[in-house]
Amino acid sequence: MKKKFPSQSVRAHRSIREGGFFNLRVLGSVLACTAAVGLALTALAYEPAASVPARLATSIVVNTTRQDLAATPEAATLSNLSARSFVQTGDNVMIGGFIVQGPGTKRVIIRAIGPELSQYGVPNAMADPTLELHDGTGALIGRNDNWQTTIIGGIITHDQVQDIQNSGHAPADARESAIIGDLSPGNYTAIVRGVNETTGIALVEVYDIGTDTTSILSNISTRSFVQNGDNVMIGGFIVQGTGTKRVIIRAIGPELSQYGVPTPLADPTLELHDGTGALIGFNNDWQHTVIGGIITHDQVQDIINSGHAPSDALESAIIADLPTGNYTAIVRAVNIEVGAALVEVYDLSGSQ
């Protein structure tokens, strides 16, 4: 069933103009690396004493397709993850995860950015973000609070300050956090919190800074608490290489309740914007296609055939064949609802 595509998304352009992903990332430090890291954000936080185990995180999103792409790094791939949202406390911190795929280790830098956002007009930027890195078992394998002070432990075996500077991705503010890791293939989770339970808007990023070109980036997602106005959830990704990349982008809310996530967003909407900020796709309820932009025909059967159809009719999804460039997915609440939501990008195919 088709819906009419909105001719303009005033709120979306306002969000981008006033600190949304692309103005932030283009003015900041977007670098499309030659080598792509296999990334996929997990859906649930790891809390050492929580009743929801970390292993549930990967059960939602770790469904990588086309692993043979590792043999063709010149084909179109996804690259460099960034997600911006309002970070609260308890279960409503910001959670990002990624998968390293390929035959060897992957060198990455993970960053938690807060104070830097204020220079781009982002209101209520988090003053002092901390960063945790967990492996697929939920074990804490690295943490940082203030990148100029290394915290030794887990995979962090020596002072990283010079390595962070040499990477070209040193945070602009000393209160922001960063970790460099040489990671074996597997699933990882990055969690951003505020020092002393403070709240505010923050950005979590993962950059591939290694030289191995056999790994790929696939299945990106982030989970956070979606409000209204400037406190929507914004996820960004880059398509790089040759050809186009076929992806499905999803906005998940009601499904999270079965994993013990409190206050899931009851009815999430999904917008897709290109690198200029133009709205190129929109959906509200995946069983009702909204024609317009890059969406030229009913997508319901394609979504079902992808194997990634949302489990709830109120959740949203878009399938797109994207040329190389930068893209932003924005998750909002219908009406004035608030709640925890998940934004995901799955790689559905290789170079087209």
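Which side chain meets that of Arg332 in a salt bridge? The notes below take up this point and some related ones, and the structure under review is a predicted model.

1. The side chain of Arg332 meets the side chain of Glu271 in a salt bridge, with a distance of 3.0 Å from N to O. This pair links distant parts of the chain, since Arg332 belongs to strand 15 and Glu271 to strand 12, and the two residues are 61 residues apart. Arg332 is buried, because its relative accessible area is 2% and buried means under 20%. Glu271 counts as buried as well, at 2% relative accessibility.

2. The side chains of Asp182 and Arg107 form a salt bridge of 2.7 Å, N to O. Here again distant parts of the chain are linked, with Asp182 in strand 7 (residues 177-183) and Arg107 in strand 4 (residues 106-113), 75 residues apart. Asp182 counts as partly exposed at 46% relative accessibility, and Arg107 counts as partly exposed at 28%. Salt bridges that share partners join Arg107, Asp163 and Asp182 into one network. Over the whole structure, the search finds 10 salt bridges.

3. For the aromatic rings, the count comes to one pair. Phe237 and Tyr327 form this pair, and it is stacked, with 5.7 Å from centre to centre and 25° between the planes. The pair links distant parts of the chain, for Phe237 is in strand 11 (residues 233-252) and Tyr327 is in strand 15 (residues 316-333), 90 residues apart. Both Phe237 and Tyr327 are buried.

4. A last point concerns a loop residue, Asp285, which lies between strand 13 (279-283) and strand 14 (289-291). Asp285 is buried, with a relative accessible area of 12%. Although Asp285 and Ala317 are 32 residues apart in sequence, their C-alpha atoms are 7.5 Å apart in space.

Methods. Residues are numbered from 1 along each chain as its sequence is written. This is a predicted model: local features need pLDDT of at least 70, side-chain atom pairs count only at pLDDT 80 or more; totals for chains, interfaces and linings use all residues. Side-chain values use heavy atoms; hydrogens and water are left out. Rings of Phe, Tyr and Trp (its six-membered ring) pair if their centres lie within 6.5 Å; planes under 30 degrees apart count as stacked, over 60 as edge-to-face and the rest as tilted. Helices (H or I, at least four residues) and strands (E, at least two) are DSSP runs, numbered from the N terminus. Buried means under 20% relative accessible area, exposed over 50%, partly exposed in between (1.4 Å probe, protein chains only). A salt bridge is a side-chain nitrogen of Lys or Arg within 4 Å of a carboxyl oxygen of Asp or Glu.
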